[in-house]
Amino acid sequence: MTFSAVIVAAGSSTRAGPGAPKPWRMLGGRPILRWSVEALARAGAREIVVVAASDRLEATNETLAGLANWKAVAGGATRAGSVQAGLAALACPPDAPVLIHDAARPFVNTTHVEALLAALAGADGAVPALPVADTLKRGGEVITETVSRDGLWRAQTPQAFRLGTLREAYAAWPADAEPTDDAAVVERAGGRVVMTPGDPMLMKLTYPEDFAMAERLTGQTRIVRIGQGLDAHRWGPGDAVWLCGVKIDHDAALIGHSDADAGLHALTDAILGAIGEGDIGEHFPPSDPQWKGVSSDRFLTHAVGLVAAKGGRILNADITLVCERPKIRPHRDAMRRRLAELMALPLDRVSVKATTTEGMGFTGREEGLLAQAVVSVETPA
């Protein structure tokens, strides 16, 4: 059975960390968006509409150059608006099967498509779904309820419908509500939606750590890269200093355009160096007033996001602070915890050490503080 497809790629990707929106990040040497377009084309799609943000249409054309039977259209302010824009761009008749797919699920294959199309023959919609295996809890920091998982399923994409059925269901959907998936729209309109076997490989790339897992699933060769960073700041008037993300009361402060956290600056440079992305000054120029006084946490999380965008992960980090004062040992554990949090690493993969130069040099004369960092990063080869 032939079918048409709409691939939704217009989201902002805010949960994925710094970097390009998810569909344009690399996975196994190819942009994530291209994985889905190529897979659906192999499965027999006669037309594919890619819905992208208006400022990503040119990038979409570049990403999908050389592929046939696709076109890109601008998406809406919401996912539902983007899906409807994609449906409007299809040329197939109302009774034709249409698959709606999230670009952030790159591992769709022909088997998934065939199961959906077969199920659609006797239903108004078909959705791949996995039974919920984990115990479910409701609450915040404190659990207020254990929720039964009986009868609960995790819906995935692609989801299959007849074009006319889905268009009519969206026309009846309340304008002030945002559906979580397309099946919900058809369900509300009274349609019969069935489930097909889901697949863990249909994982949705949402958070930075998902990209490293996806890279491993591609079977690509991975390598370990080493980066090192060095930073120094002069002492000046003040009553506190920021080091490795921790504020320490002191009789002086480090002078810098940002908060002058030499530990975070050295670590950021080490990460950027490991992945060949220049240095901190290229990403956050000290001449740019927007970075004046800003917390250096921003710089580190940006570098961590770039690693994730390349399908990599930070393995460990080792920071050395060189100064006569303040004493680092009382604050070392707090520094390690903060760095582990910022890099999403286990605590035992973060080291913070301190030493002096026995009164020699600018650190010995207490003119300034020096920080050095070394990191190891695993990335696709």
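Is Arg-325 buried, exposed or partly exposed? At 34% relative accessibility, Arg-325 counts as partly exposed; the scheme takes buried as under 20% relative accessible area, exposed as over 50%, and partly exposed as in between, with a 1.4 Å probe and protein chains only.

Good morning. The model is predicted, so local features need pLDDT of at least 70 and side-chain atom pairs count only at pLDDT 80 or more, while totals for chains, interfaces and linings use all residues. Residues are numbered from 1 along each chain as its sequence is written, and side-chain values use heavy atoms, with hydrogens and water left out.

Let me stay with Arg-325. Its side chain forms a salt bridge with that of Asp-251, at 3.1 Å from N to O; a salt bridge here is a side-chain nitrogen of Lys or Arg within 4 Å of a carboxyl oxygen of Asp or Glu. This pair links distant parts of the chain, 74 residues apart: Arg-325 is in the loop between strand 17 (313–322) and helix 11 (332–343), and Asp-251 is in the loop between strand 15 (246–249) and strand 16 (253–254). Helices (H or I, at least four residues) and strands (E, at least two) are DSSP runs, numbered from the N terminus.

The structure holds 13 salt bridges. Another of them joins Arg-338 and Asp-297, at 2.5 Å from N to O. Arg-338 belongs to helix 11 and Asp-297 to helix 10 (residues 297–309), so this pair ties together parts that are 41 residues apart in sequence. Arg-338 is partly exposed at 23% relative accessibility, whereas Asp-297 is buried at 16%.

A local case is provided by Arg-34 and Glu-38, whose side chains meet at 2.7 Å, N to O. These two residues are four apart in helix 1 (residues 32–42), which means that about one helical turn separates them. Both Arg-34 and Glu-38 are buried. There is also a network of salt bridges, which links Arg-79, Asp-102, Arg-105 and Asp-182.

I turn now to the aromatic residues. How many aromatic pairs does a search of the whole structure find? The search finds four. Rings of Phe, Tyr and Trp (its six-membered ring) pair if their centres lie within 6.5 Å; planes under 30 degrees apart count as stacked, over 60 as edge-to-face, and the rest as tilted.

The rings of Trp-35 and Phe-107 have centres 5.5 Å apart and planes at 90°, so this pair is edge-to-face. Trp-35 is in helix 1 and Phe-107 in the loop between strand 6 (97–102) and helix 4 (110–120), 72 residues apart. Both Trp-35 and Phe-107 are buried.

For Phe-284 and Phe-299, the ring centres are 4.4 Å apart and the planes stand at 35°, so the pair is tilted. Phe-284 is in the loop between helix 9 (280–283) and helix 10, and Phe-299 is in helix 10, so the pair ties together parts 15 residues apart in sequence. Phe-284 and Phe-299 are buried, and ring pairs link Phe-284, Trp-291 and Phe-299 into a cluster.

Two arginines sit over tryptophan rings. Arg-56 lies over the face of Trp-24, 5.2 Å from the ring centre, and the charged end of Arg-188 is over the ring of Trp-173, 5.9 Å from its centre. The criterion requires NZ of Lys or CZ of Arg within 6 Å of the ring centre and within 35 degrees of the ring normal.
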